[in-house]
Amino acid sequence: MSKLVIVESPAKAKNIKGYLGKGYEVIASMGHVRDLPAARLSVDIEKDFEPKYAIIKGKENFVKELKQKADKSDSVYLATDPDREGEAISWHLATILGLDLNEKNRVTFNEITKHGVSNGMANPREIDQDLVDAQQARRILDRLIGYKLSPFISQKIRRGLSAGRVQSVALRIVVDREEEIRAFVPEEYWSIDAKFYNPPSRKLFSAAIYSKSGKKLEVKNKEQSDKILADLEDAEYEVTSVKKGSRKKSPTPPFITSTLQQEASRRLSFQGKRTMKAAQELYEGVNAGPLGTVGLITYMRTDSLRISEEARAAGNKYIEETYGEKYLPKKPRYYKSKSNIQDGHEAIRPTMPNVTPDSVKAYLSADQYKIYKLVWERFIASLMESCLQETMKIEITANGYVFVATGYSVKFDGFTVLYEEKSDDEKDNTATALPPISQGDKLKLKSILGNQHFTQPPPRYTEASLTKALEENGVGRPSTYVTITSTILNREYVKRDGKQFVPTELGEAVTNLLKDKLPNIVNVKYTSKMEGDLDKIDSGEKDYKEMIRLYYDDFEQPLEKAKADMQGVKIKLKEEETDVVCEKCGRNMVIKVGRFGKFLACPGYPECKNTKPLVFKTNAKCPECGGDVIEKKTKKGTSFYGCSNYPKCNFMTWDMPTDETCPECGKSLFRKKGNVLYCPDTEGCGYTKKAERKKKTDE
């Protein structure tokens, strides 16, 4: 008997075929094979929002081949990814191939291991129509909103713009934060910081002023600070209170999609796309040396914190054998997922907890190893005993003023022996164990200073903190976070400043227009409610056509009113002036955007119609002719560098030019992979050096 198994990716197809063996053919659909054609709306609003699906352009021959294979097979199994999108792909495949939708031919693999594949094949089920409808509702609503809203903002602001159900809310979150920062007024405050020691010990410890005469002290300016320092001149410092206690620090749960992206950004400076690429490879299967080709982690698009008891037992066994029984909690720890999650699969965890990162490091790429190490350590740590800390709080009194010092020591390291989560707003934690001190001790003052500070505005969002904000507000889902941030960046609604997201003038104009005319589209609570209602389709609580009808009516009427109100109105953006002088009239040229991207134009239009290509000049000189090295873009937007004298000079490189020059021949140095600077002198200078790494900045 021949059995056909259809998965989504070629890598997964190859690995699953290895587990299934003879009698099975495994083929990859390469994602969706049928979708709403992009050239038209493809949703019949008059016929109760009936979607008009079609085979994706370029996949006609594949579908023809797939039909032939299915006709020759005794059984067809649909093994696309275990989420809404995967369920919808299976439904489209079943429809195209004419399969019985009531047949148990849908299989899912939470992990690509022998056990995971065998378990999936042994438990086929019917296609879950509720999951399919949930995906259809999102797809149709996204098409309706995007297709009708994008032309409106393009007409009112600039050609070629887009808006969407979720991306517009994400942009608004970034824009609102920028407005908070602009409106923020710093306030001055001072701290009085002292260093003490307790004779005969010479170990210094820090304490800060806290109160005077029982009232919390706020020092707002230098005059107050100087008065306090004068009051404390020649004062005696006595320990008037020593409070000891203990606290437990519990481990964080295993990863879900959002927390994996956040932690990879904080620890590794990975963008979401890079994180998910490595995670996808680890899920689909990698060559792990003696283990063969195997999936090292479970499915990486999930918002569930559940883990199987089998995985728990394997993790506990590793902990006991490696660290000892005392590192296992007496009572197993269970983490509670949010109420609106898809709980069909587990949290992201290693498929084989006994396979340590170091044991497979030699077989993984650098990115795969780093992500596997994160996932493995986080999972193992989540099963371990809490960290137990002994805390101490000391109050020191002098002339009516009270200083406070806090510290802790680790009584039992617990999970922290392996892993601790980082935080976006984590400050340097300098609290350490304090020296032996008792009430009544007289302390010696080493130094005391008044330090000026200013309150700080809220930080700009990074990719990690924006993902966290989207998740906390119920906007978007695990499979969409990377797409959301990529879209607002690619559309130039925001730009990166280091790791931070800064809204552009264009992004602010789009947000302000939508806030004014279609407030629901950029309302976080409204979008969160919509997501929650759409989730109810998953469980069969809501009809998907009813949901589309409800939210489309909410959207269409304000849009038509906005079109009528803004008839003939065009929002003008401030044009970015350059230092390029128009050779025809002497004005500084400005950057404009046309059908084919950005270009330089004279601001004197229509009197002067001069235009020219936009190029970005670097400080480097061409090693072949001495001309300027300029940055160019491929059709896909990738940067490369070439000589401004092209086509007379054909110098071109993918390596980034630097401001440094070669100490041997004086030509410009370029930076290649591995952070190496080199001289590209074609006559063979050959100078290279390791570049100095820039200091990492906090998010």
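A: The structure, a predicted model, holds 46 salt bridges. One of them joins E50 and K545, with the closest N and O atoms 3.2 Å apart. This pair links distant parts of the chain. E50 sits in strand 5 (residues 50–51), K545 in helix 17 (residues 544–565), and 495 residues separate them.

Now the helix packing. Helix 8 (residues 257–268) packs on helix 13 (residues 463–472), with axes 8 Å apart and an angle of about 160°. Angles over 145 degrees count as roughly antiparallel, so helix 8 is roughly antiparallel to helix 13. The crossing of helix 8 with helix 13 is left-handed. Helix 8 brings S258, Q261, Q262 and S265 to the contact, and helix 13 brings A464, T467, K468 and E471. By class, that contact has five polar, two charged and one nonpolar residue.

Helix 8 also meets helix 9 (residues 272–284). Their axes come within 9 Å and cross at roughly 120°. That angle makes helix 8 oblique to helix 9. Here the crossing is right-handed. T257, L260, Q261 and A264 of helix 8 meet T275, M276 and A279 of helix 9. Four of these contact residues are nonpolar, three are polar and none is charged. Q261 of helix 8 takes part in the contact with helix 9 and also in the contact with helix 13.

Next, the strands. Strand 15 (residues 401–412) pairs with strand 14 (residues 387–398) in the antiparallel sense, over 11 bridges. T397 stands opposite V402 of strand 15. Strands 14 and 15 form a hairpin with two residues between the strands, and N399 takes a positive phi near 50° there. Strand 15 also runs antiparallel to strand 9 (residues 205–212), and four bridges join the two. In that pairing, I209 stands opposite F403 of strand 15. As background, strands of a sheet pair through backbone hydrogen bonds, either parallel or antiparallel.

D234 has phi near 65°, a positive value in a residue other than glycine. D234 lies in the loop between helix 7 (222–231) and strand 11 (237–249).

Strand 23 pairs with strand 24 (residues 628–633) in the antiparallel sense over three bridges. K621 faces D628 of strand 24 in this pairing.

Finally, the peptide geometry. The bond from Y605 to P606 is cis, with omega near 10°. P606 is placed in the loop between strand 21 (597–601) and strand 22 (611–613). A cis peptide bond also joins Y646 and P647, with omega about 10°.

Methods
Residues are numbered from 1 along each chain as its sequence is written. This is a predicted model: local features need pLDDT of at least 70, side-chain atom pairs count only at pLDDT 80 or more; totals for chains, interfaces and linings use all residues. Side-chain values use heavy atoms; hydrogens and water are left out. Axes are lines fitted to C-alpha atoms, for helices over the stretch in contact, and angles run from 0 to 180 degrees between N-to-C directions. Angles under 35 degrees count as roughly parallel, over 145 as roughly antiparallel, 65 to 115 as roughly perpendicular and the rest as oblique. A crossing is left-handed if the near helix is turned anticlockwise from the far one by less than a right angle, and right-handed if clockwise. Contact means heavy atoms within 4.5 Å. Ala, Val, Leu, Ile, Met, Phe, Trp, Tyr, Cys and Pro count as nonpolar, Asp, Glu, Lys and Arg as charged, and the others, Gly among them, as polar. Two strands pair if DSSP finds at least two bridges between them. A salt bridge is a side-chain nitrogen of Lys or Arg within 4 Å of a carboxyl oxygen of Asp or Glu.
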